[in-house]
Amino acid sequence: MGKFSGPGRRSLLIGGAAAAGVAVTGGRIATAKPPSAAEGPWAIELFTSQGCSSCPPADAYLGMLAKRPDVVALSFHVDYWDYIGWKDAFATRATTDRQRAYARVLKQRYVYTPEMVVEGVGHDTGRERDGIERLLADAQRRSTKRATPELSRSSGGALTVKLAAFPLEGPPADVTLAIYDRRHSTPVASGENQGRMLDNFNIVRRLEVLSRWDGAAASWTIEDAGLQPGLGAAVIVQRADHGPVIGCNKLEPMVSG
C-alpha cells in the first residue's frame, strides 16, 4: 500500500502491488490537465467476472472505451461468480461491495454482470454499444460543469492531484484514486469460459479515497507513487456515497524513447 502525505485517506481495495503514475520522458514532469467541461472526461465503470460467459463482449468494449481521451474506463472484477468453476484472480469482495453500493443508489433489484455504470447515474450491460452511448450522451447533457482534477507526476515519482474551487451546491464529494493494470490476457481452464483466452482492460487493483471534498481548492500528494509500465492512475470525483460523478481524469504510462 502506498504512503500518503497527509491523513484522511482510506484504502478500499488492494489487489496486488500496483503503483500509480505516468511515465516521465527525459525527466520531464507529466501532467493531465483539466479540459473544458464539454470535453469531459466521463467515467464508465465495468463490473465483470472471468467466470461469466456473458462478460467478454463487454470487456472488449471497455478496451475500446479505454482508448478514448474523453473517457475514464475502469474494470472492477466481482467475486460472486467464483463458485461456479473459475476463481477470478482479480476479483475482491471490496469490488463487489462497490457494485452493490451502486445498485442501492440506483435502486436496482439485483446486481449483475456485465454491468457498466456511466457517470454514477445510469447502467447497462455494455454488451451493446448503443445503450452505453445513450447513457453517456445523457450524462454529458446534464453535467455541463465539471470538477475535473489535474494529475501530475514529478520526476521523483510523487503523484499530485489538484482540484480548483468548485461550487458543489449540494452534498460533499469523494475524491477517489484508482490504480489499474491496463491489460491482462488470461487462459481460463475451467468454468463457463473454459478454453478461452480472456482479455481484460484497465483492471482496478487498488482504490483509495483521498478525501471527502467540500469544493474548496485542494491538493493531495502520493509521495511514493512508483511508476511501472502497463499501469494507469485515475481520479474520480463523485457525490459522497457513490453518487453522480462530477469530474474525473486519468494518467497512463507511456514508453519513453
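This is a predicted model: local features need pLDDT of at least 70, side-chain atom pairs count only at pLDDT 80 or more; totals for chains, interfaces and linings use all residues.
Colleague: How many helices and strands does the protein chain have?
Modeller: The secondary structure holds both kinds of element. The count comes to three helices and 13 strands.

Colleague: What share of the contacts with a separation of 6 or more is between residues 24 or more positions apart?
Modeller: Take the contacts in the protein chain with a separation of 6 or more. Residues 24 or more positions apart account for 74%.

Colleague: Is Thr221 buried or exposed?
Modeller: Thr221 sits in strand E11, residues 218-222. Its relative accessible area is 19%. The cut-off for buried is under 20%. Therefore Thr221 is buried.

Colleague: Which residue joins its side chain to that of Thr221 in a polar contact?
Modeller: The contact runs between two side chains, at 3.3 Å. The partner of Thr221 is Thr160.

Colleague: Why does Asn249 count as buried?
Modeller: Asn249 lies in strand E13, residues 245-251. Buried means under 20% relative accessible area. Asn249 counts as buried because its relative accessibility is 6%.

Colleague: Which residue has its backbone oxygen 2.9 Å from a polar atom of the Asn249 side chain?
Modeller: On one side is a polar atom of the Asn249 side chain. On the other, 2.9 Å away, is a backbone oxygen. That oxygen belongs to Pro149.

Definitions and conventions
Residues are numbered from 1 along each chain as its sequence is written. Side-chain values use heavy atoms; hydrogens and water are left out. Helices (H or I, at least four residues) and strands (E, at least two) are DSSP runs, numbered from the N terminus. Buried means under 20% relative accessible area, exposed over 50%, partly exposed in between (1.4 Å probe, protein chains only). A polar contact is a pair of N or O atoms within 3.5 Å; within protein, one must be able to donate a hydrogen and the other to accept it, and residues adjacent in sequence count only if both atoms are side-chain atoms. Contact means heavy atoms within 4.5 Å.
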